[in-house]
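Hello,

As promised, I am handing over the structure for you to explore. Could you open it beside this email and follow along as you read?

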Amino acid sequence: MRKVDDSLAVWLQAFNHELAASMAAGVEFNVTSVREGLAAITQTYITDIPHIDMVVDDSIEHVPIRIYHPQSQTALPVWVYLHGGGHVAGSLEVYDPICRKLALACQYIIVAIDYRLAPEFPYPAAINDVRLCLQHLFSRLNNMTVNYIPYLAIGGDSAGGALAATVCAIAQNDDVHISKQILIYPSLDYTLSSPSVAMNGNDYFLQINKVQWYFDQYFQNNQDRYSASPLWLPVCANFPETLVITTEFCPLRDEGIAYYNKLRQQGIGVQHHHVADMVHAFLNLENVVPQHCRQLYTVIGEFLSIESECNKKP
């Protein structure tokens with residue numbers, strides 16, 4: 001039987017009560033409130049901010065980046081991280097604690113990309129930003145004298161997962177070689193046609209009406225959302241080894257599982273980690289479910305382990 005984690009259930013009850021009151025008062029989504037809401041939730045529920053040996057803000061062309069190096073004197077592999085927020089919210093600052101924890105758990109250099117957001121910069125601006133960063137990433141790290149191994153992973157949560165999966169599909173025809181991909185409760189089907197959308201679209205933190213609003217901000221020129229969905233993009237034999245993370249009470253659950261099955265059926269190296277009692281974006285709720293967050297960071301670190309490659313010279 002499906003059951004939400006006990007601590008999370010208590011938190012959800014209070015959250016849903018506040019949400020119902022806002023809806024009854026006629027409060028509508030707007031860009032400012034959505035961005036401030038994600039920032040406030042993350043700041044409230046992630047209060048353990050670990051020290052990282054090196055944290056540097058820089059840019060690649062016009063795109064701001066933040067680099068987290070957990071051992072600045074040691075050459076480590078690189079993970080380009082793309083934050084969530086429905087293509088509308090999220091930033092380097094909001095996701096700073098999560099990136100710090102990922103850098104420590106994985107012993108990777110995290111390069112967080114502050115891609116442009118909708119509605120000011122609709123599809124495909126964010127995709128273009130990520131591709132540009134990938135094409136110039138290693139040359140920029142060389143110029144900054146960052147101690148790294150030229151081994152590249154890409155990934156992100158929610159909308160960041162959508163961007164990662166889209167870029168991985170496109171990069172099959174580029175010169176950029178991506179070795180691993182990590183998708184954390186990713187958004188992979190912009191048509192919202194999976195059964196879990198209806199099953200989990202209310203009362204479980206991520207509301208489906210908010211997802212629809214996000215996508216309306218992102219797609220402003222009548223684009224074919226099916227063709228833009230990474231779930232339906234073609235993959236080739238050289239596609240990166242992938243970890244797909246899903247949660248039971250997430251409206252995006254089934255598209256993540258479908259993506260895992262698609263890669264597996266096509267012979268791509270892929271793993272699926274399912275969290276049976278969690279909701280979407282639970283990493284942003286760490287103080288509510290600390291053990292689940294610790295476990296997930298461990299799972300990701302194990303997937304990304306490349307001990308043999310770490311002994312190579314850059």
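Let's start with Trp232, which is partly exposed at a relative accessible area of 39%. Tyr226 is partly exposed too, with a value of 43%. Those labels follow cut-offs on relative accessible area: under 20% is buried, over 50% is exposed, and partly exposed is in between (1.4 Å probe, protein chains only).

Before going on, please note that this is a predicted model, in which local features need pLDDT of at least 70, side-chain atom pairs count only at pLDDT 80 or more, and totals for chains, interfaces and linings use all residues. Residues are numbered from 1 along each chain as its sequence is written, and side-chain values use heavy atoms, with hydrogens and water left out.

**Aromatic rings**

Two rings of Phe, Tyr or Trp (its six-membered ring) make a pair if their centres lie within 6.5 Å; planes under 30 degrees apart are stacked, over 60 edge-to-face, and the rest tilted. How many aromatic pairs does the structure hold? There are 18. In one of them, the ring centres of Trp79 and Tyr81 are 5.5 Å apart and the planes meet at 70°, so this pair is edge-to-face. Trp79 and Tyr81 are both buried. Now back to our opening residues: the rings of Tyr226 and Trp232 have centres 5.1 Å apart and planes at 15°, so they are stacked. There is also an aromatic cluster, formed by Tyr123, Tyr190, Phe215, Tyr218 and Phe219.

Next, find Arg66 in strand S2, which covers residues 63-69. (Helices, H or I with at least four residues, and strands, E with at least two, are DSSP runs numbered from the N terminus.) Is Arg66 buried or exposed? Arg66 counts as buried, because its relative accessibility is 7%.

Side chains of opposite charge can pair when their charged atoms come close. Here a salt bridge means a side-chain nitrogen of Lys or Arg within 4 Å of a carboxyl oxygen of Asp or Glu, and the structure holds 15 of them. Arg66 takes part in several:

- With Asp57, the side chains meet in a salt bridge at 2.6 Å, N to O.
- With Glu93, the closest N and O atoms are 2.5 Å apart. This pair links distant parts of the chain, as Glu93 sits in the loop between strand S3 (76-82) and helix H3 (96-106), while Arg66 is in strand S2, 27 residues apart.
- With Asp96, the N to O distance is 3.2 Å. Asp96 lies in helix H3 and Arg66 in strand S2, so this pair ties together parts that are 30 residues apart in sequence.

Asp57, Arg66, Glu93, Asp96 and Arg100 are linked in a network of salt bridges.

Contact means heavy atoms within 4.5 Å. Leaving aside neighbours within four places in sequence, the residues in contact with Arg66 include Val55, Leu92, Ile110 and Ala112.

**Helix H1**

Now go to helix H1, residues 6-24. Its 19 residues should span 27 Å at 1.5 Å a residue, and the end C-alpha atoms are 27 Å apart, which agrees. (The expected span is 1.5 Å times one less than the number of residues.)

Which residues of H1 are buried? They are Leu8, Trp11, Leu12, Phe15 and Asn16. These cover an arc of only 140° around the axis, which puts them on the same side of H1; the arc is taken from the directions from the helix axis to the C-beta atoms. They pack against helix H2 (31-45) and strand S8 (270-279). On the other side of H1, Asp6, Val10, Gln13, His17, Glu18 and Ala24 are exposed.

Asp5 caps the N-terminal end of H1, with a side-chain oxygen 3.1 Å from the backbone nitrogen of Ser7. Following H1 is Gly26, whose phi is positive, near 80°.

**Ala118**

One last stop: Ala118, in the loop between strand S4 (109-113) and helix H4 (125-143). Ala118 is buried, with a relative accessible area of 1%. Beyond its neighbours within four places in sequence, Ala118 is in contact with Arg35, His87, Val88, Gln217 and Tyr218.

Enjoy exploring!

Conventions: Polar contact = N/O pair within 3.5 Å; in protein donor to acceptor, adjacent residues only side chain to side chain.
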